[in-house]
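Me: Could you walk me through this model and tell me what stands behind each label?

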Amino acid sequence: MEILTRAGDLSSFCRRVRAAGTLALDTEFERERTYKPILQLVQAATRDEAVIIDPLALPDLDPLWELVADPEVETILHAAGQDMEIFYDKTRTVPRSLFDTQVAGALLGMGEQPGYADLLRRVLDVTLKKHERITDWGRRPLSEAQLNYALDDVVYLHRLRDILAERLEERGRLPWLAEELAH
C-alpha cells in the first residue's frame with residue numbers, strides 16, 4: 001500500500017492515471033463540526049494500483065484536481081454527491097467524465113440509493129468488512145486496518161463500473177445514466 005505525501009509522488013501517480021484513462025476515487029472528510037467539509041483522506045485507484053493520498057501532509061492536490069476536471073479521464077465514484085461538493089469547493093469545477101456506481105445501480109433496479117457494500121455483494125460477490133466505518137480520518141498515524149478499509153472503497157470500483165455499464169447497455173439504459181449524471 002502506497003501513501004502519497006510528496007508532490008513528486010502525486011504527480012507521478014497522476015501521470016499514470018492520465019495514461020490509464022480512468023480513476024476510481026473516494027474521499028474521507030470531516031463535516032460534523034464544520035461549516036464546510038474538511039478533506040482528510042483521498043483514496044484513488046487505476047485498474048492496476050491503488051493509493052492513499054494524504055491531503056494533511058500534501059495540501060496541494062492540483063494534479064489530482066486537474067485529472068478530475070479532464071474530460072478524457074473517466075472518474076468513477078460511488079454516491080458522488082458529497083465528493084462533488086469537495087471537488088467544486090477546491091476547484092470550482094466537477095468531473096467532466098463521471099461514472100457513479102450508485103446511480104447506475106439505481107437505474108438497474110437495485111434500489112433508489114443502493115449502498116456500495118450492497119452493490120459489491122450483489123454484483124461482485126464481495127463482502128466488505130465494516131470494522132472501521134466510524135473513524136477519525138484526520139488523526140495520524142492511521143492504522144493499517146484503517147488504510148486497508150479506506151482502499152476497499154476504490155479497489156473494486158473499476159470492476160463494478162464495468163459490469164454495471166454492461167448491464168445498462170444490454171437494457172438500453174446507458175443514455176439514461178448519461179442524462180442523470182449530466183445534472
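Reply: The accessible surface of the protein chain comes to about 9,800 Å², by the Shrake-Rupley method with a 1.4 Å probe, where for residues only the protein chains shown count as cover. Carbon and sulfur atoms hold 45% of that surface. This is a predicted model, in which local features need pLDDT of at least 70, side-chain atom pairs count only at pLDDT 80 or more, and totals for chains, interfaces and linings use all residues. Residues are numbered from 1 along each chain as its sequence is written, and side-chain values use heavy atoms, leaving out hydrogens and water.

Me: How do you know that the radius of gyration agrees with a compact globule?

Reply: The rule is 2.2 Å times the number of residues to the power 0.38, with the radius taken over C-alpha atoms. For 183 residues it gives a value near 16 Å, and the protein chain has 16 Å, so the two agree.

Me: Why are E3 and strand E4 called paired?

Reply: Two strands pair if DSSP finds at least two bridges between them. E3 and E4 (residues 50–53) have 4 bridges, in the antiparallel sense, so they qualify. Ala45 stands opposite Ala50 in E4, and a hairpin of 4 residues joins the strands.

Me: Which sense does the pairing of strand E2 with E3 have?

Reply: Antiparallel, over 7 bridges, with E2 spanning residues 22–30. Leu25 stands opposite Ala44 in E3.

Definitions and conventions:
Helices (H or I, at least four residues) and strands (E, at least two) are DSSP runs, numbered from the N terminus.
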